[in-house]
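Dear colleague,

Here is the structure I promised to pass on to you, followed by some notes on what turned up in it. Please read them with the sequence and the model side by side.

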Amino acid sequence: MELLQSLLLALTGVIGIPFLSLLSWAIYYDLSKSEIPPGFDSPLKLRGLHCLAIMAFTVGKCLEVLGVCRQVAVICFLMNFWNPRADPSLSSKDLHFDGVPVRVYQPKTPSASPRKGFVFFHGGAGMTGSIAFYEDVCSKIAKETDSVVVSVGYRLSPQHLPPAQYKDCLAATIHLIQNAASHGVDPSKIIVGGDSAGGNYACIVAQKLVDRSDLPKLRAQVIIYPYTQAMDLNLPSYQQNSSMPILFRENVAYFGLKYIGKDPSLLGQVLKGSHVPDSMRLKYGKWLSPDNLPERFKGRGYKQVPLAPYEPEVYRQLSETLEADFSCLFAEDSVIQKLPETLIVSCEYDVVRDDALLYKKRLEDNGVKVSWFHVENGFHGMINFFKGCIFAFPGAVELMDSIVDFVKNL
């Protein structure tokens with residue numbers, strides 16, 4: 001017994017010292033690098049969440065430098081410890097739609113008529129996230145809206161570089177549309193949606209389907225704090241929330257470069273906008289102008305920063321980021337005009353807040369019916385934190401309720 005106690009104490013010491021060192025580093029980094037605006041209502045809770053994220057990313061980076069594994073592999077592994085369970089009122093099945101892994105959530109109670117279908121694409125910068133990590137989110141949508149929810153496990157970068165991600169999302173959506181009856185779904189009542197990178201994929205999927213005359217039209221799209229453009233990272237929200245957890249301005253460019261398999265040393269050029277040709281600045285500038293934003297979103301401070309001089313070699317390496325398959329804001333009017341009814345959710349303290357607002361403006365200018373919900377105390381990535389736990393945020397509850405209300409009223 002004494003030997004066992006000695007071994008346990010020794011093991012605790014071996015694990016405890018590195019853990020405390022890592023925690024100390026995370027606290028130092030958070031306090032020195034992050035800036036939480038005075039208006040945010042849960043700063044200590046957010047700092048705690050941010051410290052956990054810093055610890056995970058630090059461990060991942062160290063293992064990547066040592067050649068053990070990729071940083072994102074560590075993040076994905078640690079996210080598996082977040083282990084939500086589907087609501088008992090639902091049945092869930094793991095299937096493959098046209099080769100793409102999906103989990104289908106369906107209310108157990110019989111329905112007199114076919115249900116709505118919601119195809120959900122998770123966030124995670126196209127490199128992390130999973131069906132399992134979003135089980136709470138998809139379960140709530142299925143239960144509260146009496147819908148069939150299909151959570152899509154698209155391939156992740158860098159093992160699978162884009163456009164693998166949106167193509168998987170598109171394939172799964174088309175499969176559901178074509179096989180709606182076998183899942184108890186009305187093919188004329190199918191919705192696509194997602195958060196962050198998943199919101200971007202939802203935009204692209206909806207754009208790809210507008211001219212598919214062989215398929216029923218999508219009923220709606222639900223776009224949750226998406227990134228919609230890779231041209232100007234100096235918009236008001238990028239300045240106001242540049243150091244707001246859990247997504248910093250620099251990290252938007254860093255993870256974007258990692259996502260497309262490019263050298264992160266290009267980060268500075270991306271932040272300055274030197275990858276954007278003059279012709280594109282002229283064409284897309286009207287859609288990206290801060291004049292398209294309501295004045296209240298400039299109130300926390302904004303200084304207009306012109307794009308840096310164009311560098312052709314940088315554009316050559318990053319040209320795909322300015323195409324509509326990556327920057328959905330840049331789709332032509334002829335495509336935007338045909339998009340379905342849309343819910344856009346934005347968060348005040350989100351670095352990519354203005355991406356959502358500018359996409360909202362483009363939709364409205366092209367006659368698309370738009371509902372908008374703005375989470376005043378919202379931050380990027382908060383959708384997973386709506387349930388009762390130490391890291392639950394009231395704003396996340398509001399966000400989820402806005403999605404449920406929109407889908408129920410379609």
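**Salt bridges, cysteines and the annotated domain**

Arg 300, Glu 348, Arg 353 and Asp 354 are joined to one another in a network of salt bridges. Please keep in mind that this is a predicted model, in which the structure as a whole holds 25 salt bridges.

One of these pairs Glu 64 with Lys 258, with 3.3 Å between the closest N and O atoms, and it links distant parts of the chain, since Glu 64 sits in helix α2 and Lys 258 in helix α8, 194 residues apart. Arg 219 and Glu 341 also meet in a salt bridge, at 3.0 Å from N to O, which ties the loop between α6 and β6 to strand β7 across 122 residues; Arg 219 is partly exposed at 28% relative accessibility, whereas Glu 341 is buried at 17%. Glu 313 and Arg 316, by contrast, form a salt bridge of 2.7 Å within helix α11, where they lie three residues apart, about one turn of the helix.

As for the cysteines, a search of the whole structure finds zero disulfides. Cys 203 is buried at 0% relative accessibility, and the nearest cysteine sulfur, that of Cys 328, is 3.8 Å away, so the two do not count as a disulfide, which requires sulfur atoms within 2.5 Å.

Finally, an unreviewed UniProt entry carries the annotation "domain: Alpha/beta hydrolase fold-3" for residues 118-262 and 325-383. Residues 118-262 are 38% helix and 17% strand, while residues 325-383 are 29% helix and 32% strand.

Methods: Residues numbered from 1 in each chain as written. Predicted model: local features only at pLDDT ≥ 70, side-chain atom pairs only at ≥ 80, totals over all residues. Heavy atoms only, no water. Buried < 20%, exposed > 50% of the residue type's maximum accessible area, 1.4 Å probe, protein only. UniProt positions renumbered as here; feature names shortened; annotations may be inferred. Helix = DSSP H or I, 4+ residues; strand = E, 2+ residues; numbered from the N terminus. Salt bridge = Lys/Arg side-chain N within 4 Å of Asp/Glu carboxyl O.
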